[in-house]
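Biologist: I would like to learn how to read contacts in a model. Please take me through them step by step.

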Amino acid sequence: MRAATVAPTTAEQRAFEHWQARRRWARAGLVYALMLGFAIIFVGPLLFATISSLRTDPLAYPPTLAIPQLQPGNWTAAARLGQAGARDRWFGGFAPGAVVPFEIAYFVPDGIEVIEPEVVVPRRRPGAGLGAVLAIEFAADYAEVYDLRRLPDVPMTVGDGDLTISGRRVAYAFEVRYLGEGPEIDRLPLDVTATVGMRYLESTLTASRLERRGRTASFDNITPGVLGYVLRNYVRTFNEVRSPATLQSLFLVWIGNSFTFAFFRIVVTLAIASMAGYALARLRFRGRGLIFMLVLFSQMVPLQVLFISNYLVLRDGIVTVGDFTLSSLWGYPGGMLNSLTGLIFVTALNAGAVFIMKQFFESIPREVEEAAMIDGASHWRRYWSVVMPMARPALGALTILTFQGAWNDFFWPFIVLTSPETIKTLPIGLLSFRNTYGAVGDWGLILAGAVMSAIPVIILFIVFQRYFLEGVSFGGGKE
Amino acid sequence: MRQIVIAILGLALLGGALAQQVRIMGYGGQDPAIKVRLLDEVIGASLEAEGITFTYEPLEGDYNAALFNALSAGTAGDIFYIPVETAPGIIATGKVLPLDGLIDTNAFIDSLVEAYTVDGTVYGIAKDFNTLAIHYNIDLFEEAGVEVPNAEDTWESFADKLRGVAALDADVYGACFPAGFDRFGAFAFATGWQTFDATGASNLLDPDFVEAVTWYTDLVREGVAIQPSDIGQGWTGGCFATDNVAVAIEGAWILGFLRNEAPNLQFGTTFMPIGPSGERGNFLYTVAYGVNVDSPHRDAALRVLEALTSPEAQQWVLEQGLAIPSRTELADNPFFLEDTPEAVANAVVFAGADDGNVLGFQFGTIGTDWMTPVNDALVAIMTGQSSVEAALTEAQRDLDALIQRAR
């Protein structure tokens, strides 16, 4: 009560305001810190997955963000080696005439005898995927290691503070050459085995892994090219995931299928939802309320309740009379399983979309249409030429939501599209990676595929953020 | 009307053209590519001469769930894989054609035929199989100055060798022991214990079973063995590839993994250690081809089944290093005598099928749910939350309830 009776001095006043300002900042700071925390929690895994997808072994433990694939030194080396291997600085390879220079350095503590390491181009067969089953060419059959020589030693110490080990840096240089004529091979693996006690320091390209308790530096490919090195798992997704029968790239086919499915689903959803929404918002007819309730009701019934009956409808080609199926009219005599048409058919009707469009049309002033009516416009004309152009924001929001839904849809594609591999959409196709590559610990392809499948939705979100928000508010309020 | 007529005609023509098209449903992974190569290189020509061809449809995700769905929807293939662990359940649906008198089963390994026999009737022909073996890291044993495991090892000598290697370094262990019956069970069988006794009950409080649990979990509590998750791995193979453990107890499936993740690992393979019963214990993991009872092309399907399990096909698969054959006659194949680590591993796994107490990886119609109480008990004991006796008593109670429900 002191403040009310006695006027505060200027100094007190200032101190009080200062305190208040500090408190405001503290509050703002807390809120921002919280939001930042949430952002990190939500974006963190995505970032981590993206970076891990570049690694040779994404599961390497403990996890780290400092990976060789992100070091510029390795990029230039990869480009140079790719150029030397197959005159291709981007994707590399190993072609006739190649001479690939390479260096590797060890730290040798004092008192340890230096023995020349053994350099071998191994006959390495992939453990998973088509490479494990199909006959492949081995670089080992065409490559030879030449001119292994020891470079001048450099004294060095490692460790810090009280614990230092003195010794020297021992480096070796050699060349891998392609002997004679032969096919171009896409990778050139290399193993360099030293004696116990010699510790791997560095090499022209960082080793893919150290094996045999540090004795062997193992390289998956010493002529990768920049993209072949940094985006190895991504390149493999396109190159290695092929149909065993036709050798067609399945990943591309799946992406194509996903886009086709999303495109037609958007077209069908927009057409049905806008017409139904318009009818429910504007036309006065008997049972209108009931129909609207039914539309809402279909939204309330869980998908799992309906899916068996819907599945049977698809399997039997909608209606079967004797040998005749209704779906044979558009080319599916044996039912519509395993066809994109069937998938679009079964997912086209979306009560939520009808609801959004109805709400939007109700927000358009009736007067606009009445003016058209006076000019003699029919219902169709009013719908198509007057209301639809005004509904662009709602249609935009619906397009985006539908695209996102279709692109990420797993349940129905999983049920409907089972065979052949070339009919699948991207999420279903990615599932096969788990059996093929995950089973042998090769998680890089799965991560790379998953990251790529997220890209279209991320782009869509960044470009059309505004519509996403509108989409949410259309569904929610009646404004 | 014209369209309808055309449609019906089209359907009839299509039906005629596809009469001999046999559909096979099976695992994803490598199998689709293997089938394509088999068809192209080995069995395609003779099938084609009879007007038969086949397509392979991999079921991704959970194979058993997908197969049961396909069977109930009537969309299952003419031939489908029957995993051994769910075989009794799949056969109980009545959708699998009995093969007695249709296929000669004498040429196949007895225990494999047995796993697919219900009430004296055979329902599936094993495609290939796996058993467990000891894969050991030669570098680690050399560094520790310990003799590598061999076929004469008993539980005691085997454990001593693991102790010797584990003493090498703080991050080196003797073995990764997962808390799962799917690996541990092989040790339980080495005591003479069986999953189901004569009355069809499972006795977890049997002294033999308790002994096996004690031996297995004590090694973990002693720090000689470790659970894979404790060193950031998902399975034993992961521990092995990173030089963290001296031995991995796995089947031949570890070979593809090692080729990818540790191509330079120097390893050898030997038999499971001899248990207190004086015998080894082992699991038989397998998958069989079964014929759909509703198949419209039953004869063609049987013909394809014969071709897929023919000596030529199995020999090709073996020589490519893809799987271990289910025919006894292939025991003498020169591939098994080669001196490479992979060939040795395959030979040991092949021989494991009839060496000691070998039981199918099978739990009657209960399926793999049977393992849940046992696995929970193993976790509780390994982490020190519960004593062997208390954990097994609780597991027995849960298991009895489970079996009761299944009946």
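**Reading contacts between chains and domains**

Modeller: Begin with the two chains of this predicted model. In it, 38 residues of chain A are in contact with 37 residues of chain B. Contact here is a matter of distance: two residues qualify if their C-beta atoms, placed from the backbone, lie within 7 Å.

Biologist: Which elements of chain B each supply at least two residues of the side that touches chain A?

Modeller: On chain B these are helix 1 (2-17), helix 2 (31-49), strand 2 (53-58) and helix 11 (254-261). With 7 residues, helix 1 of chain B gives the most to that side.

Biologist: How do the residues on the side of chain B that touches chain A divide by class?

Modeller: That side of chain B has 17 nonpolar, 13 polar and 7 charged residues.

Biologist: Now the domains. Into which domains is chain B divided?

Modeller: Domain 1 of chain B covers 19-126 + 288-341, and domain 2 of chain B covers 133-283 + 355-406. Their C-alpha centres lie 30 Å apart.

Biologist: How many residues of each domain of chain B are in contact with the other?

Modeller: In chain B, 11 residues of domain 1 are in contact with 13 residues of domain 2. On the domain 1 side, helix 4 (87-92) and helix 5 (110-115) of chain B each supply at least two residues. Helix 4 of chain B gives the most to this side, with 4 residues.

Biologist: And what are the classes on that side of domain 1 of chain B?

Modeller: The side of domain 1 of chain B that touches domain 2 has 7 nonpolar, 3 polar and 1 charged residues.

Technical notes: Residues numbered from 1 in each chain as written. Chains lettered and ligands numbered in written order. Predicted model: local features only at pLDDT ≥ 70, side-chain atom pairs only at ≥ 80, totals over all residues. Nonpolar A, V, L, I, M, F, W, Y, C, P; charged D, E, K, R; others polar. Domains from an automatic or database assignment.
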